[in-house]
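I opened this notebook to keep track of what I looked up in one model.

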Amino acid sequence: PEPVVPVDPAVYKIRRARETDVGAILTLIKELAEYEKALHEVVATEVDIHELLFVGATSPGGNPAAYCHVAEKISTEFSQCASGIAIEKESRTVVGFALWHLNVSTWRGRYGIYLEDLYVTPTCRGKGLGKALLQTLQEECNARDYPRLTWQARLLSSLSFPFYLIFIFWSFSLSKLVFELE
């Protein structure tokens, strides 16, 4: 596979999801489901996603049990006001996400991360955002001393295959990386 282009920090940013991102995350979830020819199965609402990521009232401990990082595209536009002064306007759009939750290794007595969904909108693919989202999860594992990152992915088309190959051969500094293709 071709090497992934590094993410340009002037154009893209990876960060933790915020409550204001819920609508964009749900839109991307629906795009992913449509890509997987399963849009009819999506019943989640913005309220559901907000509950999962930020409230957690229905989880056993009463805290959020799922987490999310987003890839954000930064666009800058310039316009002139009546006096001729240029005004810079920055806009940010969520173009990808990695939604995850904790899993457990009973043998090690430790948590790990299970990546539930990883998605980058088609217009922003090939820019290193998928790898950057995965690298962010690797950093989460390392910072929390989690020994494992698990991800199962469907091999739906040859378009996704190069990305999966990059992921498989990507060197993680974790004691165990689990990756399964369905």
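Is tyrosine 146 buried or exposed? I find tyrosine 146 buried, at 11% relative accessible area. My cut-offs are under 20% relative accessible area for buried, over 50% for exposed, and partly exposed in between, with a 1.4 Å probe and protein chains only.

**Ground rules.** I am working on a predicted model, where local features need pLDDT of at least 70, side-chain atom pairs count only at pLDDT 80 or more, and totals for chains, interfaces and linings use all residues. Residues are numbered from 1 along each chain as its sequence is written, and side-chain values use heavy atoms, with hydrogens and water left out.

**Overall layout.** I counted four helices and six strands. Helices (H or I, at least four residues) and strands (E, at least two) are DSSP runs, numbered from the N terminus. I read the order from the N terminus as β-α-α-β-β-β-α-β-α-β. The chain has 182 residues, and 37% of them count as buried. I then checked contacts, meaning heavy atoms within 4.5 Å. Among those between residues at least 6 apart in sequence, 63% join residues at least 24 apart.

**Aromatic pairs.** I found two. Rings of Phe, Tyr and Trp (its six-membered ring) pair if their centres lie within 6.5 Å; planes under 30 degrees apart count as stacked, over 60 as edge-to-face and the rest as tilted. One of the two joins tyrosine 111 and tyrosine 146 edge-to-face, at 6.3 Å centre to centre and 65° between the planes. The partners sit 35 residues apart: tyrosine 111 in strand E4 (residues 110-120), tyrosine 146 in the loop between helix H3 (129-144) and strand E5 (148-153). Tyrosine 111 is partly exposed, at 46% relative accessibility.

**Charge over a ring.** The test wants NZ of Lys or CZ of Arg within 6 Å of the ring centre and within 35 degrees of the ring normal. Arginine 125 lies over the face of tyrosine 35, at 5.5 Å from the ring centre.

**Strand pairing.** Two strands pair if DSSP finds at least two bridges between them. Strands E2 (residues 66-80) and E3 (residues 86-105) run antiparallel and share 15 bridges. Serine 79 has isoleucine 87 in E3 as its bridge partner. Their hairpin has five residues between the strands, and glycine 84 takes a positive phi near 90°. E3 also runs antiparallel to E4, with 10 bridges. There I noted tryptophan 100 bridged to leucine 115 in E4. The E3-E4 hairpin has four residues between the strands, and glycine 109 in the turn has a positive phi of about 65°.

**Cores.** I define a nonpolar core as buried Ala, Val, Leu, Ile, Met, Phe, Trp, Tyr and Cys residues joined through side-chain atoms within 4.5 Å. The largest has 18 residues, with the most contacts inside it made by Leu115, Leu118 and Leu129. E3, E4, H3 and E5 each give two or more residues to this core. H3 gives the largest share, five residues. Apart from it lies another core of 16 residues, including Ile49 and Phe97.

**Helix H2.** In H2 (residues 46-55), the buried residues are Ile49, Glu51 and Leu53. They pack against helix H1 (22-35), E2 and E3. Glycine 56 follows H2, with a positive phi near 75°.

**Cysteines.** I found zero disulfides, taking a disulfide as a pair of cysteine sulfur atoms within 2.5 Å. Cysteine 124 is buried at 2%, and cysteine 141 is buried at 0%.
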